[in-house]
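Please look at the sequence and the model first.

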Amino acid sequence: MQQVVAIQILRAVAASMVVFHHVQNDAARTALEAGASFNTSFLLPWSAGVDLFFVVSGFVMVVSSQKLFAVAGGAAHFLSRRVARIVPLYWLATTIALVAALRGAAAGRVPAPGLGEIVASYLFMPFPRVLDAAPRPVLSLGWTLEYEMFFYALFACFIWLERGKAVAAVAATLAALVVFNTLADPHNVALAFWSDPIVLEFALGMGLALLWRRGLRLSATGALALGAAGLVALALDPMDSSSTPIDAVDPNGFLRLFSWGFPMAVVLAAAVFGPAPRESRIVRGLARIGDASYALYLFHPLALIALRKAWTALHLATWLGYWPLVALSSLASIALALVVWRWIEKPMTNAAQRLLSQAATLKSRQAQAHG
């Protein structure tokens with residue numbers, strides 16, 4: 001795939017935006033507890049990194065699955081790849097979060113998660129948590145993975161079709177779900193969650209993938225102008241991110257789709273339709289962070305907690321304030337992610353792929369023996 005470097009850079013940007021949002025929230029909370037103040041930056045709506053992840057996911061699933069459309073066993077192969085890629089590291093991060101939640105409950109700081117909440121978290125099922133009834137898993141960050149896994153399951157349902165028809169079928173199903181949500185306002189937590197307009201961001205990415213496959217390309221000037229337009233639209237931010245309270249759950253819905261989803265789709269289009277990035281140290285570094293973007297997304301809270309405790313214990317805020325904490329926490333998050341990616345994520349993913357491949361081979365042999 002010619003634009004794999006551009007995609008990896010976008011993944012790095014998406015994860016870094018989320019990290020920067022959380023790092024600033026963490027610094028603001030720390031300052032508030034110390035009776036100080038901290039003015040966060042809202043140059044861009046940093047939470048929109050999630051929306052970039054979603055449009056990128058839609059794009060990548062179409063392009064990377066080109067050999068699986070309309071072939072026997074394509075759905076099983078697609079799902080096994082997704083499970084091996086997503087599940088092991090997420091389950092590890094969820095287990096760490098669960099241990100922390102149970103310790104916090106034992107100390108009386110937070111209510112303990114219920115059994116249903118725990119089981120649903122491991123199964124990527126939306127479930128109202130005990131803390132505030134929000135449909136969030138034990139690892140709060142995992143709400144995005146609940147959308148991703150739903151999208152993968154739906155994608156697999158139609159991968160037996162030719163690529164264009166499969167994309168159309170997935171997009172039509174997502175659109176039908178959103179229409180149902182709008183008209184019926186379902187009370188079922190999972191159905192309401194999976195039919196939120198934010199799911200159309202996957203469709204935006206898939207549509208761009210079809211255009212890319214058909215040869216649409218832009219000049220460097222055209223790509224730069226398109227990307228700038230997307231960033232300007234993001235900066236206008238009708239979602240009004242600056243008024244969001246610390247640690248608040250970002251709302252989804254049509255406003256988010258149009259305020260963050262469409263501009264991020266424009267940014268994606270600029271990156272993949274324009275010329276491929278030139279080789280350089282910066283490009284290689286960003287691409288490597290993109291490789292570790294999943295680990296960065298899941299594990300950056302550990303770096304934040306460690307840096308915050310050290311900052312508080314050493315009374316560094318008195319001398320340095322909180323922006324150095326933001327910078328150090330961001331860099332520590334990236335460093336931790338690179339370590340996790342190299343020494344934990346890659347071995348776990350490879351092991352999961354081997355196990356799933358062996359299971360598929362065994363099943364095939366058993367079928368042939370019975371046949």
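The model is predicted: local features need pLDDT of at least 70, side-chain atom pairs count only at pLDDT 80 or more, and totals for chains, interfaces and linings use all residues. Residues are numbered from 1 along each chain as its sequence is written, and side-chain values use heavy atoms, with hydrogens and water left out.

- Buried means under 20% relative accessible area, exposed over 50%, and partly exposed in between, with a 1.4 Å probe and protein chains only.
- Beyond its neighbours within four places in sequence, Y147 is in contact (heavy atoms within 4.5 Å) with residues including F54, F193, W194 and N252.

**Helix α9**

- The 17 residues of α9 (residues 220-236) should span 24 Å at 1.5 Å a residue, and its end C-alpha atoms are 24 Å apart, which agrees. The expected span is 1.5 Å times one less than the number of residues.
- A223, G227, G230 and L234 are buried in α9. Seen down the axis, the buried residues of α9 fall within an arc of 60 degrees, so they line one face of the helix; the arc is that of the directions from the helix axis to the C-beta atoms.
- These buried residues pack against α10 (253-273), whereas the face turned away from the buried side carries the exposed residues T221, L224 and L236.
- Just after α9, D237 takes a positive phi of about 45 degrees.

**Largest pocket**

- Of the 50 residues lining the largest pocket, R29, V138, S140, P301 and I305 are the closest to its centre.
- Helix α12 (293-313) is among the helices that each supply at least two lining residues, and α12 gives the largest share, 11 residues.

**Positive phi in loops**

- A70, in the loop between α2 (49-64) and α3, has a positive phi near 60 degrees. At 45% relative accessibility, A70 counts as partly exposed.
- H315, in the loop between α12 and α13 (317-320), has a positive phi of about 55 degrees. At 55% relative accessibility, H315 counts as exposed.

Notes: Helix = DSSP H or I, 4+ residues; strand = E, 2+ residues; numbered from the N terminus. 1 Å grid on protein atoms, 1.4 Å probe; cavity = no way out; pocket = protein on both sides within 12 Å on 5 of 7 lines; lining within 4 Å.
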